[in-house]
Amino acid sequence: MRPTTPLAAPAALAALVALSTLTACGGGPAAAQGGGANGGKGTVTIRIPDPGNAGVLARGKKDGSLDKALAAVGAKVAWTGSAGPFAPAAQAMNADKLDIATGSITSGITSLSQSPGFAFFTATDPDPVGEGILVREGSDIASVRDLVGRKVAVNKGGTGEYLLLKALAEAGVPADKVERVYLRPDQTAAVFNAGQVDAWAVWSTYAVAEIGAGKAHFLADGAAIGSDNYSLNAVRSGFAKDHPEIVRALYTYLHDNSAKEKKDPAAYLNVFTDAGPTAVNGKAKEVQISFTGKGGTVDPIDPEDIRRFETVAGFYADQKVTPDKVDIAGHLLDIEKLS
């Protein structure tokens, strides 16, 4: 658990408290069987993107521990689609097709600028070692300043664009001196390895394979960049209003098991299979274990987090990624006040 410091503006804290009684943005689906601890409402279905082959939710899906935790509050999971970029997940929550999603504060800010129907209820500290700006082995790019006149692949409005802009700002390089090439992360590896871009601003989901294969290394990682790129969990606002006890139970599960994952990262890799495209093996597995062990845990959003969120929102506005500074405090849940 991170230490808390009273650095948030009073208005932000007031909004954080007020959001424990969210206004409705649409009701969540419920199946009329079973009872549980949700006041006799019947078994409530919570829609979560399928976690794939790694992580806390993947292990919870396989060993039944997530089902058990949610059954205690009268809920069950419906796995919908697969985990991916936050922007389409935010749209799905807005359309009442998804209840939970995970994303970065950076992609969250751009999604919040578009009439959001969701709120964030957890924060995981920025990744100091698993995100950054990748360059190919043998590249003549030795510093962030060497990116001047080069092409860098980024995902528009999300982690990649933030990492690049933040790195350039820290190095005193004007953003217009580097060409941003907007690509989907899952389509960038081939472009990067073919030399069509000179660098790739990216996070561990995609960086591990490149580093593990000996193809690339970080020119600057999250710590060097001074990244405030938190990972967050979001919940559909209507679901949080109707089922706060379920959101609280899910938070507790994520918090407790993320601490276990940090202590034993290997146990949360290759959960369903150790072969095929979703498996991580060899040097890449070692890299992922190292990254996870140095990462954060799923925690409540505290005052220091809010201050840093607002710093990112201000930075995005200054960099013209968003037309104005996005209101963050109005879309945060105080998980410790849910019951």
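Tyr-206 is partly exposed, at 23% relative accessibility. Partly exposed lies between buried, under 20% relative accessible area, and exposed, over 50% (1.4 Å probe, protein chains only). This is a predicted model: local features need pLDDT of at least 70, side-chain atom pairs count only at pLDDT 80 or more, and totals for chains, interfaces and linings use all residues. Residues are numbered from 1 along each chain as its sequence is written, and side-chain values use heavy atoms, with hydrogens and water left out.

Ring pairs link Tyr-206 with Phe-192, Trp-200 and Trp-203 into a cluster. Rings of Phe, Tyr and Trp (its six-membered ring) pair if their centres lie within 6.5 Å; planes under 30 degrees apart count as stacked, over 60 as edge-to-face and the rest as tilted. Phe-192 also has a charge over its ring: the charged end of Arg-136 sits 5.3 Å from the ring centre. For this, NZ of Lys or CZ of Arg must be within 6 Å of the ring centre and within 35 degrees of the ring normal. Arg-59 is placed in this way over the ring of Tyr-268, 4.8 Å from its centre.

## Aromatic pairs

The structure holds 10 aromatic pairs. One of them joins Phe-86 and Phe-118 edge-to-face, 5.5 Å centre to centre with 80° between the planes. Phe-86 lies in helix 4 (residues 86-94) and Phe-118 in strand 5 (residues 118-124), so the pair ties together parts 32 residues apart in sequence. Helices (H or I, at least four residues) and strands (E, at least two) are DSSP runs, numbered from the N terminus. Both Phe-86 and Phe-118 are buried.

The rings of Trp-200 and Tyr-206 form a tilted pair, because their centres are 6.4 Å apart and their planes meet at 40°. Trp-200 is buried, at 2% relative accessible area.

## Strand 9

In a regular strand the side chains alternate between the two faces of the sheet. In strand 9 (residues 199-202), Ala-199 and Ala-201 point one way. Trp-200 and Val-202 point the other way, and all four are buried.

Strand 9 runs antiparallel to strand 6 (residues 132-136), joined by 3 bridges. Here Gly-132 stands opposite Val-202. Strand 9 runs parallel to strand 7 (residues 151-154), with 2 bridges. There Val-152 stands opposite Ala-199. Two strands pair if DSSP finds at least two bridges between them.

Asp-299 is found in the loop between helix 12 (282-293) and helix 13 (303-318). Asp-299 is buried, at 2% relative accessibility. Its side chain makes a polar contact of 3.1 Å with that of His-255. Another, of 3.2 Å, joins the side chains of Asp-299 and Thr-297. A polar contact is a pair of N or O atoms within 3.5 Å; within protein, one must be able to donate a hydrogen and the other to accept it, and residues adjacent in sequence count only if both atoms are side-chain atoms.

Gly-81 sits in strand 3 (residues 75-82). Gly-81 is exposed, with a relative accessible area of 63%. Beyond its neighbours within four places in sequence, Gly-81 is in contact (heavy atoms within 4.5 Å) with Pro-49 and Asp-50. The C-alpha atoms of Gly-81 and Ile-48 are 8.3 Å apart, though 33 residues separate them along the chain.

## The chain as a whole

The chain has 13 helices and 11 strands. Of its 339 residues, 52% count as buried. Among contacts between residues at least 6 apart in sequence, 80% join residues at least 24 apart.
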